[in-house]
Every structure is written in C-alpha cells, then in structure tokens.
Amino acid sequence: MQSTTTLARAGNALLLSIACAAAAAASLAAMPARAAFPDKPIKLVVPFAPGGGTDLVARTVAITMGQELGQPVIIDNKPGAGTIIGTDAVAKSAPDGYTMVMATVAHVVNPSIQPKLPYNHDKAFAPVMLVGISPNVLVVRADSPLKSVKDLIDTARKDPGKLSFASQGAGTSAHLAGELFKNLTKTHITHIPYRGAGPAITDLLGGQVDVMFATAAAVGTFVESGKLRALAVTTATRSAAPALAKVPTIAESGVPGYVADSWYGLYAPAGTPAEVIARLNAAAKKAVQTEAFRKRVESEGLVIQGGSPQDFDKYAKGEEARWRKVVKENNITAE
C-alpha cells in the first residue's frame, strides 16, 4: 500500500513538472521576440548650432552610418554653454544605444574650466569611436589687413585688446587654440564666444570679429572660395588638405612649441550594453571608410581614425590630461 502511494505521488509530481514546463513554453511563445538593435531611428546630438565643423562631420557620418545600421541617424542640434547643454542631454538619456553625442575637445576640457558640471564626467559616458582628428585654422576675412601670423602678433601688441577672436564656445578647440596663442605670444586678444562655429564664422565674414582659430571642417570651403584667408594651421605639421597644403603652421610662423589639434568622437550614455556599443562601433567604423565620407571630410583636413571604443577612451583620457595641464599653466577660464 505504501509503495502504491509513493508511486502515485511520483506520478503526480511528474505530471506537475510537465504541466509547468508546458505553461512556461506557452508563455515564452506568447511573448514578442526582442527586436534586433536598432529597430528605430537613432539620435545624434551635436552640441553646437548648425553650420559648423562638428555639424558637418556629424551629418556626414550620420548618412553613411544610417545606411550601415538600416535605420536613419537623425541630427539634433543642442548648442550652448560650451557644449554642456547637448552633452548633458545625452548623459541623462536612456542607455539603450538610441542617443549619442558627437563630442569634441570641449568634452574633455570642460571638467578643467567649468567649476560645476551637471553630470559626472568620469561616469556618464561610454566611448564608441574616435571619428577623426583635424587642424584648426587661423583665418581672417579676405579683406583683412592681417596677412600673416607676424602681422597678428604685431597688431595685437600695438593695441592690446583691440583685436578679437571668435570661437564656437568656451572650452572648444577654437577657444583653447586662441588662449594658447595669446599666452605664448604675450598678446591680449579679446575672446568672443558663440553658440557654434556657424554664427561665429558669419560674424567673422561680416567684420564683427577679426580672427578665428576655426576647425578646418568649418572653414575649408570658405578658404577655397576666397572668402576667408588662412594664415596658419594649429597642428605640429602642415595639413594634407588641398586647400591648406601651402599654409604654414603657427609654430613655424614664429610661435615655437605651439600645437592645438581638433577632434571628433562618438559617445553613448554610460550603461549602454556592450553588444550595442559594439554594433555602433562597427557601423561607425564602416561609415568613415566609405568613399562618400572620405570625399566629404578629407578635403577639409580631417584625418580619419576609427578604432575600438577602448582606443578612443585611451586617446580622450590623454587629451584630458594634456589640456588640463595647458589650462592650469595658462590660466584659461570659461569666461
């Protein structure tokens, strides 16, 4: 009798187990399958106004990257506060891969010149890929009496504070390039920050400001058309871009030791899954190697990079340390 009872209990347990397994299978079958990333458009925040170098690079990579991902990459311009407004929006976005920011050198400089950021710089972002590195270009309008770096230095020393230089915002490459120039040449040139390179270039062309240490991507077409005159590039060596090949460096123009690169890189919010970061990196890497991307940006002086998220992270941390030292030594502030 006891044996019969034991067998019955075992049989009931087996039936219950089978029933639970069947219910679980039915439940899984009823659940919608998780869609492969991406299954909707991706937003790429540009923390500057439309029309500048960052906007150009972002829009170019967005087209080719969107083609690779099979979903459109939509540009969202959020200018202001030296890129902090747009960057903060990304820091506070869902870490799902559907929001990125096209960062520049300002991303790693802001912690050194801004007393309080609305996000934790060290923990808020996940690197995706370094897109490219390019020179800044010291430019003046075509009818400017300044014909060389020497002319700029001499004029600035003769009338301290009379000349002004534009930038796309505090902490940007154009701002830092100008401040470094002022410090090394012992000159005083008034800094006029804008909400992007587009408005800054408009005022430079209109004569409201005298010079700009603009990104090559922002002013390449203006130099080619003759609307702006390039006096020098900010890199250690001359640019390979056709429009800038004959333009000397600032260092060889009488300011030894002067170097101020510009760069562009993609970040996603921290916490974005590793497999999603890998997908975005792969798409971005293929995008920057397309003929369409190369044709558009290499003529503007951009040296395409690519590489892994880890490569970008290492580069950005090196840039942050380098500029922190420059900011401290030269007393550069956001004002």
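**Before selecting anything**

Residues are numbered from 1 along each chain as its sequence is written. Because the model is predicted, local features need pLDDT of at least 70 and side-chain atom pairs count only at pLDDT 80 or more, while totals for chains, interfaces and linings use all residues; side-chain values use heavy atoms, with hydrogens and water left out.

**The whole chain**

Begin with a cartoon view, in which the protein has eleven helices and ten strands; helices (H or I, at least four residues) and strands (E, at least two) are DSSP runs, numbered from the N terminus. Of the 335 residues, 53% are buried, where buried means under 20% relative accessible area, exposed over 50% and partly exposed in between, with a 1.4 Å probe and protein chains only. Among contacts (heavy atoms within 4.5 Å) between residues at least 6 apart in sequence, 78% join residues at least 24 apart.

**The nonpolar cores**

Select Val 109, Leu 152, Phe 181, Phe 213 and Tyr 258, which have the most contacts inside the largest nonpolar core, a set of 48 residues. A nonpolar core is a set of buried Ala, Val, Leu, Ile, Met, Phe, Trp, Tyr and Cys residues joined through side-chain atoms within 4.5 Å. A second, separate core has 36 residues, including Val 61, Tyr 264, Leu 302 and Ile 304.

**Helix H11**

Now select residues 309-330, which make up helix H11. At 1.5 Å a residue its 22 residues should span 32 Å, and the end C-alpha atoms are 31 Å apart, which agrees; the expected span is 1.5 Å times one less than the number of residues. Colour Pro 309, Phe 312, Ala 316, Glu 319, Glu 320, Trp 323, Val 326, Val 327 and Asn 330, the buried residues of H11. Seen down the axis of H11, these buried residues fall within an arc of 140°, so they line one face of the helix, the arc being that of the directions from the helix axis to the C-beta atoms. On the other side of H11, Gln 310, Lys 314, Lys 317, Lys 325, Lys 328 and Glu 329 are exposed. To see what covers the buried residues, show helix H4 (105-113), strand S4 (125-141), helix H6 (173-185), strand S9 (261-269) and helix H9 (274-288), which are among the covering elements. Just after H11, Asn 331 takes a positive phi of about 55°.

**Aromatic pairs**

A search of the whole structure finds nine aromatic pairs. Rings of Phe, Tyr and Trp (its six-membered ring) pair if their centres lie within 6.5 Å, and planes under 30 degrees apart count as stacked, over 60 as edge-to-face and the rest as tilted. Select Tyr 119 and Phe 125: their ring centres are 5.4 Å apart and their planes are at 85°, so the pair is edge-to-face.

Next, return to Phe 181 and Tyr 258, an edge-to-face pair with 6.4 Å centre to centre and 75° between the planes. This pair links distant parts of the chain, 77 residues apart, with Phe 181 in helix H6 and Tyr 258 in the loop between strand S8 (228-233) and S9. The relative accessibility of Phe 181 is 0%, and the residue counts as buried; Tyr 258 is likewise buried, at 0%.

**Strand S10**

Select Gly 306, in strand S10 (residues 303-306), a buried residue with a relative accessible area of 10%. Its C-alpha atom is separated by 6.1 Å from that of Met 129, 177 residues apart along the chain. Leaving aside neighbours within four places in sequence, Gly 306 is in contact with Met 129, Leu 130 and Val 131.

**Backbone details**

Finish with the backbone, starting at the peptide bond from Phe 37 to Pro 38, which is cis with omega near -5°; Pro 38 is in the loop between helix H1 (2-30) and strand S1 (42-46). Then move to Ala 81, which has a positive phi of about 55° although it is not a glycine, and which is found in the loop between strand S2 (73-77) and helix H3 (84-91). Ala 81 counts as partly exposed at 46% relative accessibility. Thr 83, in the loop between S2 and H3, has a positive phi near 80° and counts as buried at 4% relative accessibility.
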